[in-house]
Amino acid sequence: MTQQQTRATAGQDTIAAIATPPGTSGIAVIRVSGDDAIDRVAARFRGADIREAATHTLHHGRICDTRGRILDEVLVSVFREPRSYTGENSVEISCHGGAVVSRRVLSSLLETGVRHAEPGEFTRRAFLNGKMDLAQAEAVADLIHAQSEEAHQASVRQLEGALSRFVGGIRDELLHAAGMLELSLDFVEDDVELLDDGQLNTLFDESIRRIQTALDSFGSGRIIRDGMRVALAGPPNVGKSSLLNTLLGTRRAIVTEVPGTTRDYIEEGMLLNGEYMRFIDTAGMRSTDDRIENEGIAISRDMLRDADIVCLIADAREGARAAVSVRDLALLEEEDARVQLLFNKADLVAADTATELAEHGLVISARTGDGMDRLTARLAELARAARQTSEQGSVLVTNARHADCLQRGIDALRDAQRARRDRMTEEFLAYEVRRAIDALGEIIGAVSSEDVLNSIFARFCIGK
Amino acid sequence: MADRYDIAVVGGGHAGIEAAVAAARMGCSVALITMDPDATGRMSCNPAIGGTAKGHLVREIDALGGVMGMIADASAIQFKMLNRSKGPAVWSPRSQNDREEYSRAALRMVRSIPGLHIIRGMVELLHVENDRVRGVTTSGGEEIACQALIVCAGTFLNGTMYTGLDMTIGGRFGEQPATGITETLLRYEFETGRLKTGTPPRVSMRSLDLDETTIAPGDDPPQPFSFQSPVPDIRQVPCYITRTDERTHEIMREGFDQSPMFTGRIKSIGPRYCPSIEDKIVRFADKTGHHLFLEPEGRDTDVVYVNGFSSSLPADIQLRALRTVPGMRDVEMLRPGYAVEYDFFPPHQLRLTLETKAIHGLFLAGQVNGTSGYEEAAAQGLIAGINAVLSLRGEEPFILRRSEAYIGVLIDDLVNKSTLEPYRMFTSRAEYRLLLRQDNADRRLMPHGHRLGLIPDDVFLAMHERERQISSLRSIVESRTLAPGTLNPFLRGIPSPPVSQNEFLGKIIRREGVRAEDVLRLDGLASDPDIARAVRDDRVLEQVEIETKYMGYIDRQHRDIEKFRRAEEALIPENFDYARVHSLSTEGREKLMRIRPRSIGQASRISGVSSSDVSILMVFLGK
């Protein structure tokens with residue numbers, strides 16, 4: 001029997017995807033995996049004949065399109081099964097960074113009959129071929145999402161079992177309570193000692209409180225993993241895109257003098273004072289009858305609500321009143337601690353006007369770069385504050401699936417409290433407590449269900 | 001020339017009776033081989049049937065067409081519904097029975113079945129050819145040929161009884177053990193183990209001072225087990241409750257150095273849930289007393305069973321200890337308690353039909369599979385009997401799911417968890433407890449019983465008619481409203497807050513203290529013919545009330561079952577090659593190869609198979 005036949009994913013089609021994160025980078029990597037991976041790449045590769053290449057070898061050459069035109073100069077790594085990430089024949093093509101080039105190279109491969117991979121499909125195959133277990137697969141998902149050193153540490157802490165111990169502790173107490181409830185049902189005539197109503201009440205309250213602490217950390221856990229979400233909002237043509245470009249140091253968004261150019265939102269990430277920040281450039285906000293533009297404004301409002309930091313930008317020439325009207329249009333509260341007012345185009349107003357505005361917010365000029373130091377310092381400050389709001393607990397939940405389990409645990413316990421208040425008898429309380437136990441059990445792998453599996457693999461980004 | 005039967009059943013206990021009766025009723029010729037026909041259905045331990053979860057099993061056996069419920073009804077001296085103060089899901093019927101009458105009723109039942117032959121004898125040898133059962137030889141040299149064999153040997157396989165350091169060979173007080181069957185199966189590489197169980201002393205009723213005890217009467221009116229029995233018209237006999245104290249425990253401790261358990265003579269595992277009194281004294285050392293239930297063993301007998309005092313200490317210690325208990329100062333002990341150790345076959349060696357995986361046509365049921373209790377045994381006997389017939393006919397096996405019946409939970413647990421201690425049923429073992437109630441066992445299972453030919457047409461049709469009425473009444477209750485003018489005077493009487501506008505009947509019935517029956521009798525409803533008829537039928541009303549009051553929970557459990565069903569229907573091919581899946585854990589792969597689960601759902605319940613093993617299987621099978 002050959003290795004080919006014993007491998008779990010033998011006979012499945014060959015898949016490909018861009019494995020590096022989207023955005024500007026020096027190199028983009030395209031990963032191809034499957035029985036025919038090497039042959040398919042060879043069909044578009046001009047250089048050494050990689051069909052005969054040994055495993056773990058590197059080859060220089062060019063990738064062409066269907067008509068033989070050169071798309072990019074690349075380095076190709078060949079991995080033969082089972083010694084690859086997926087356990088299958090694999091090729092990794094390192095091409096020049098930039099969305100256009102890497103997408104063209106990928107398209108060329110897809111034309112040869114390779115299928116575009118689904119999110120997590122490479123890891124799924126690796127998992128199936130025994131290259132990693134489920135816990136490792138989840139850790140991979142978290143590492144993919146990890147954008148900073150702290151995120152890395154959080155995953156490591158989780159792998160070390162801090163969350164498991166925390167959840168396990170609560171689950172054990174609930175198991176004990178469920179056991180006592182069951183005793184009162186199955187040993188009616190024995191004089192067993194039971195939990196009294198007060199103890200149950202305390203247990204439910206206390207468990208909910210503790211789970212909630214862990215759940216609250218999910219916000220900051222997400223920040224650590226995904227980065228800080230910074231939304232830029234304001235009326236059209238106030239200079240949001242210019243500001244973004246200045247911050248990023250490139251001309252990223254389309255900037256024109258026509259109001260309302262940026263209808264879809266643009267997102268761009270960067271490290272700022274060691275903090276990973278994702279800047280979201282939202283559609284310009286103004287009162288309008290344009291249906292499409294109004295939809296854009298509605299989307300913008302949603303994004304502002306979910307953001308960790310909101311930069312409201314007004315035109316310095318229009319004064320402090322403009323900032324208030326922007327805030328109203330964005331439906332933001334005056335006390336909202338996430339919000340920072342910015343007055344852009346300071347280069348177009350008199351010095352005394354700028355001084356006056358400085359009492360209401362930061363005065364900057366995206367065009368001249370004036371005030372940008374103060375802005376970056378202020379952003380770092382806001383980021384720290386956003387993080388601290390919910391980071392007191394010792395456990396940190398960074399994983400959406402875990403957060404979902406915790407939430408369902410709380411929901412079940414609230415149902416248990418309600419049942420207790422309604423004077424439902426023990427078998428109903430036991431039912432709710434068991435739901436809570438099962439929900440928490442999903443975190444530490446004490447139960448398994450299709451949903452658990454699906455949600456794990458759905459979290460992978462394309463290319464992993 | 002050997003006698004020839006379709007099916008032979010070894011053992012006339014609770015499992016053997018159900019197996020033999022079901023197989024014969026389904027049209028097979030059946031030989032019931034027993035060492036003593038007069039011991040048919042003997043209650044070797046407590047003189048009671050049912051109790052928490054066990055009562056559910058009896059109702060399910062009855063709804064499938066088994067006979068335990070009818071025999072219990074015919075010989076009961078007391079009926080009680082346990083857990084009345086809780087919700088309907090955990091109500092459990094129990095009867096106290098006349099021990100001798102139970103046996104007689106069982107024998108009458110067995111003798112009344114055409115095609116069922118009782119053969120006196122002890123099976124010593126099993127005949128197996130090409131991994132298929134062919135027949136048996138008894139100790140008297142008689143050969144009996146059969147196509148399927150159901151072994152229900154109870155505690156008799158190499159049974160050994162202990163009282164103190166005295167050891168007697170035997171399966172039950174005054175009865176011989178059975179030898180030979182275990183030895184035959186060992187040749188086929190069956191795994192075998194030893195389990196232990198015990199029974200308390202029997203005392204003389206005349207020697208008790210009942211004034212010092214608390215009386216525990218039966219229910220009035222009593223409710224029978226069988227869906228086919230009329231309301232019992234009997235004079236009920238009460239039980240009595242008393243309690244041990246520190247003096248009792250002190251005397252028991254004197255005998256610990258002569259305990260077959262504590263001295264290590266018995267090494268096997270006993271039921272944690274039904275511990276001996278000496279076990280309780282050691283494990284709950286801080287408790288100064290334990291309840292004892294004095295249960296008369298019949299209407300006209302002097303024998304009383306001391307429930308809660310199971311012991312294998314020396315007889316004189318048992319007697320001295322009992323004499324410290326209120327009401328028992330001058331007690332006369334008719335027979336001491338004893339422990340019995342016996343062979344069992346760890347049940348992972350079975351299919352869900354209770355057929356052994358190694359030998360075709362060989363079924364095991366009852367205590368030989370590691371269970372304790374009459375009801376657990378009877379349930380297995382019934383399932384083994386039914387499946388033996390279906391396999392002879394070459395038809396699809398009859399397997400109840402965990403979501404359908406306690407019997408499904410029982411067998412699924414046995415096969416997948418392969419018990420190491422005597423297995424007893426509890427309501428907490430049933431995930432879908434709120435649906436698997438004793439009151440709806442007929443609605444859940446009679447269609448199966450009827451299809452199998454074990455439930456008569458008229459009984460099934462009556463159930464079917466009730467089903468129709470229940471469903472019609474349920475939709476009326478959730479769609480019809482009544483005006484405040486009708487509702488408020490009624491609500492005032494409950495008392496329950498008044499309504500200000502028309503309100504759905506269902507919402508009113510769901511209120512605390514409101515009974516469906518009373519709502520349906522309100523003005524303006526009684527004229528509806530469906531309602532008028534339903535109000536006359538207590539069983540319809542009971543179902544409508546339960547389904548209305550607990551609608552939220554019932555709906556949720558139905559959704560839980562839907563999820564469960566998907567996992568159960570994700571089938572694993574019979575010859576699936578687990579060795580191919582490299583990523584399975586070593587233990588998980590070994591267990592999966594041993595048990596060969598039918599579905600992903602079953603795989604997930606096998607002890608030793610981790611959730612990540614199950615995930616791997618699901619991904620692998622593309623489920």
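Predicted model: local features only at pLDDT ≥ 70, side-chain atom pairs only at ≥ 80, totals over all residues.

Residues are numbered from 1 along each chain as its sequence is written, and chains are lettered from A and ligands numbered from 1 in the order in which they are written.

Chain A holds 16 helices and 13 strands (DSSP runs numbered from the N terminus: H or I of at least four residues for helices, E of at least two for strands). Of its 464 residues, 45% are buried, meaning that 20 or more other C-beta atoms, placed from the backbone, lie within 10 Å of the residue's own.

| Domain of chain B | Residues |
|---|---|
| domain 1 | 202–338 |
| domain 2 | 457–553 |
| domain 3 | 570–621 |

The centres of domain 1 and domain 2 of chain B, taken over C-alpha atoms, are 45 Å apart.

Now to helix α10(B), residues 406–417. Because 10 of its 12 residues are buried, α10(B) is largely enclosed by the rest of the structure. Among the buried ones are Tyr406(B), Asp412(B) and Asn416(B). Just after α10(B), Ser418(B) has a positive phi of about 35°.

Finally, β10(B) (160–163) and β11(B) (166–169) pair in the antiparallel sense over 4 bridges; pairing takes at least two bridges found by DSSP. Thr163(B) faces Asp166(B) in β11(B). The hairpin has 2 residues between the strands, and Gly164(B) takes a positive phi near 60°.

Note on methods. Domains from an automatic or database assignment. Expected span 1.5 Å × (residues − 1).
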